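The points are grouped by topic.

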Amino acid sequence: MHAPGYDVDRIRWHFPALREGAAHFDGPGGSQVPDTVATAVVETLTSAVSNRGSVTPAERRADRIVVDAREAMGDLLAVDPTGIVFGRSATELTFHLARTLAAGWGPGDEVVVSRLDHDANIRPWVLAAEAAGATVRWADFDPATGELEPDAVEAVVGERTRLVAVTAASNLIGTRPDVAAIADVVHAAGALLWVDGVHASAHVATDVPASGADFWVCSPYKFLGPHHGVLAADPALLETLHPAKLLPSSDAVPERFELGTLPYELLAGTTAAVDFLADLVPDETPSDQTRSDESPRPRRERLLTSFAALEEHEDSLLAALEERLRAIPGLTAYSNAKRRTPTLLVTVEGHEPQALREGLAARGVNAPAGHFYAWECSHHLGLGATGGLRMGLAPYTNAEDVDRLATGLEAICGGDA
Ligand SMILES: Cc1ncc(COP(=O)(O)O)c(C=O)c1O
């Protein structure tokens, strides 16, 4: 089955890295990058660019790059561009904001984290709470189903809760909790909701206001862009916060939160990545002259069309992969939630995850093994520090990749490694 308008061959053609020949299931760790993103990075580095300003063309170019990238991320996340903060990584932004928010916490205050999360959305809160003398409470997911129910969050939220940190999708097992329902619980208690959208924003259309999140972090290198992090929040909320900053640096929102000079070349790459995503399903070629004079549909609308088709594409490949995996003797799948991304974690009796990974690598299939920093999640699943074999689909994954992966695993687990 094919998603309407989703031409995976056309999409793959834009990824020079795929010509090296591997089948990539390592996207949850970082996706491959299309040529348009690489070109935007190179063109920025080879153009006249200086610090942001309005006097020289080089200053104006730097300024335009930042404004464009905020607009692109605003379209991707459905937020006001002036609420977009750029940083080194989602981890760095979370630590930075955790320290900022914790300045208002004290003994008796509580912070809720979840065992479904990547450590980037746990440890910054645990350490900030410790430093403030606040208490950490844990929301548990069900290891059998992989579900993190809103009830499990409600059970640990109380009138002293200041902030709840939760993932929009697990990078280990793909679970997508009902963030909007969790937001209702959190807001009813008068607390703030911090959402880790790093894994989710690569697979499903993101609408931060509709999700109820007060803060949403993501990382363009997970959705075809370069390596940096992004935080989105209502600018009015950001105005109330006062992070540590240099004395002469701007106190405006969002610049107040951005430490040092921004990576202009990476931001140009991120704008190109959002444009590439918006064009996963290109608008129909105009059939007559009058249409060709019309401006393109707004980028947000095109993103919604593209993500709907991407989800369908990835889900159909996921179903095909799961069917093949189910037939492998001794295989346990940990990705069982009702709503989830196309990211599978498995173990196979009698085979160490690292051995599976190496066996696949020898066959040109890149599927890493481990806990992927979802440390609490891996332990809660009973997999400790070893974790499992993780297979993640991406916009460029095709049926042949899936066949190579499944055939490789069948051969290895059949004793052919
Ligand atoms: C769900 C999730 N959250 C957070 C992170 C950390 O992102 P960054 O590398 O931008 O700090 C990752 C990275 O793998 C992730 O998958």
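**Ligand site and a histidine contact**

In the side chain of Lys 222, an N or O atom is 2.6 Å from an oxygen atom of the ligand. The model is predicted, with local features requiring pLDDT of at least 70, side-chain atom pairs counting only at pLDDT 80 or more, and totals for chains, interfaces and linings using all residues. Residues are numbered from 1 along each chain as its sequence is written, and side-chain values use heavy atoms, without hydrogens or water.

**Ligand contacts and cover**

- For Ser 219, a side-chain N or O atom is 2.7 Å from an oxygen atom of the ligand.
- Thr 91 places a polar side-chain atom 2.5 Å from an oxygen atom of the ligand.
- On its own the ligand has 400 Å² of accessible area (Shrake-Rupley method, 1.4 Å probe), and the protein covers 90% of this.

**Surrounding residues**

- The residues around the ligand include Ser 89, Ala 90, His 118, Asn 171, Asp 196 and Tyr 221.
- By class, the shell has four nonpolar, six polar and two charged residues.

**His 228**

- His 228 belongs to the loop that runs between strand S7 (215–218) and strand S8 (229–233); strands are DSSP runs of E, at least two residues, numbered from the N terminus.
- The relative accessible area of His 228 is 1%, so this residue is buried (under 20%, with a 1.4 Å probe and protein chains only).
- The side chains of His 228 and Thr 270 form a polar contact of 2.6 Å (N or O atoms within 3.5 Å, one able to donate a hydrogen and the other to accept it; residues adjacent in sequence count only if both atoms are side-chain atoms).

Technical notes
Near = heavy atom within 4 Å. Nonpolar A, V, L, I, M, F, W, Y, C, P; charged D, E, K, R; others polar. Helix = DSSP H or I, 4+ residues; strand = E, 2+ residues; numbered from the N terminus. Buried < 20%, exposed > 50% of the residue type's maximum accessible area, 1.4 Å probe, protein only.
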